[in-house]
Amino acid sequence: MIEIFPAIDLHNGQAVRLTQGDYNQVEVFFKNPVEVLDFFNKNNSKNLHIVDLDGAKDGNTKNYEVIKELVEKSDFFVQVGGGIRDEERIKKYIDLGVDRVILGTIAVENEEFLIDMVKKYGDKIAVSVDAKDEKVAVKGWTETVELNSLDFCKKLSNIGVKTIIYTDISKDGMLSGTNLDVYLRLSKLVESDIIASGGITFLDEIRELNENNIYGAIVGKAVYSGKLDLKEVLEVSK
């Protein structure tokens, strides 16, 4: 059974979606993100994926109070990412009740820190690998580095990272489908649990990911815009 993670992306305190990670292409879906919890609850969700877009880009904690409210008002398994670049913030989120903290830029820039955090917090640490043309992107997708994304996933797996969230940025927010091929390749390449993210638009994609033993899938814009029915997604995931 594949785990489904409905996403709330936060920008200036609102629930939004970007297109291909472009901060100039912002679509606001809920001015008050807490209202999204009712929608997820009605559809029997049990997981929640929160991204602090402002944190990812600038390393700030502008959306912390919104995240706190979302965590306190939900019974979901919650994973949070975006701008988490030191242990103090990791601890702050875990103490808040966040089940899994997602590292991005810092995991690329400071391997020693990542190894230390994985030793200390175990499977509460996940790493987000965001890729443009199989090159790793950092700082809220605003920069790419000369690092092959699949090689990096292999390295993370060897370090002992339990969960890797892999996003093909070219697919994200486009409502034209996800990059199934890369997830099938990753499933054979790494020991870590893989969460597919970016552009999931069709029920058949959920089925195929499930059949290939991919651990999880993040759904966002397709659900908000009505292209995917969340209830159906959760049914198919079983």
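In which strand does Gln79 lie? Gln79 is part of strand E5, residues 77-81. The legends below describe a predicted model, in which local features need pLDDT of at least 70, side-chain atom pairs count only at pLDDT 80 or more, and totals for chains, interfaces and linings use all residues. Residues are numbered from 1 along each chain as its sequence is written, and side-chain values use heavy atoms, with hydrogens and water left out.

View 1. Strands (E, at least two residues) and helices (H or I, at least four) are DSSP runs, numbered from the N terminus. Gln79 counts as buried because its relative accessibility is 0%; buried means under 20% relative accessible area, exposed over 50%, and partly exposed in between (1.4 Å probe, protein chains only). The side chain of Gln79 makes a polar contact of 2.9 Å with the side chain of Arg100. A polar contact is a pair of N or O atoms within 3.5 Å; within protein, one must be able to donate a hydrogen and the other to accept it, and residues adjacent in sequence count only if both atoms are side-chain atoms. With neighbours within four places in sequence left aside, Gln79 is in contact with Phe5, Leu48, His49, Ile50, Val98, Arg100, Ile102, Ile165, Ile195 and Ile218. Contact means heavy atoms within 4.5 Å.

**View 2. Glu3 in strand E1.** Strand E1 covers residues 3-11. A polar contact of 3.0 Å joins the side chain of Glu3 to the side chain of Lys46. Not counting residues up to four places away in sequence, Glu3 touches Lys46, Asn47, Tyr215, Gly216 and Ala217.

**View 3. Packing of helices H3 and H4.** Two packed helices are described by the angle between their axes and the distance between the axes. H3 (residues 64-72) and H4 (residues 87-96) pack at an angle of about 30°, and their axes are 10 Å apart. Axes are lines fitted to C-alpha atoms, for helices over the stretch in contact, and angles run from 0 to 180 degrees between N-to-C directions. H3 and H4 are therefore roughly parallel to each other. Angles under 35 degrees count as roughly parallel, over 145 as roughly antiparallel, 65 to 115 as roughly perpendicular and the rest as oblique. H3 contributes Tyr64, Ile67, Lys68, Val71 and Glu72 to the contact, and H4 contributes Lys92, Tyr93 and Leu96. By class, the contact of H3 with H4 has 5 nonpolar, no polar and 3 charged residues. Ala, Val, Leu, Ile, Met, Phe, Trp, Tyr, Cys and Pro count as nonpolar, Asp, Glu, Lys and Arg as charged, and the others, Gly among them, as polar.

**View 4. Packing of helices H6 and H7.** The angle between H6 (residues 111-121) and H7 (residues 149-159) is about 40°, with the axes 10 Å apart. H6 and H7 are therefore oblique to each other. Their crossing is right-handed; a crossing is right-handed if the near helix is turned clockwise from the far one by less than a right angle, and left-handed if anticlockwise. Glu111, Leu114, Ile115 and Val118 of H6 meet Lys155, Leu156 and Ile159 of H7. This contact of H6 with H7 has 5 nonpolar, no polar and 2 charged residues.

**View 5. Helix H8 and its cover.** H7 and H8 pack at an angle of about 35°, and their axes are 10 Å apart. H7 passes H8 in a right-handed crossing. The contact involves Leu150, Cys153 and Lys154 of H7, with Val182, Arg185, Leu186 and Leu189 of H8. The buried residues of H8 are Leu180, Val182, Tyr183, Leu184 and Leu186. Their cover includes H7, E10, strand E11 (193-197) and helix H9 (203-211).

**View 6. Val129 in strand E7.** Val129 counts as buried, at 0% relative accessibility. Val129 and Ile164 are 35 residues apart in sequence, and their C-alpha atoms are 6.9 Å apart in space. Beyond its neighbours within four places in sequence, Val129 has contacts including Val136, Phe152, Cys153, Leu156 and Ile164.

**View 7. Asp133 and Leu175, two loop residues with positive phi.** Asp133 lies in the loop between strand E7 (125-132) and strand E8 (135-138). Phi of Asp133 is near 50°, and Asp133 counts as exposed at 75% relative accessibility. Leu175 lies in the loop between strand E10 (163-168) and helix H8 (180-189). Phi of Leu175 is about 55°, although Leu175 is not a glycine. With a relative accessible area of 24%, Leu175 is partly exposed.
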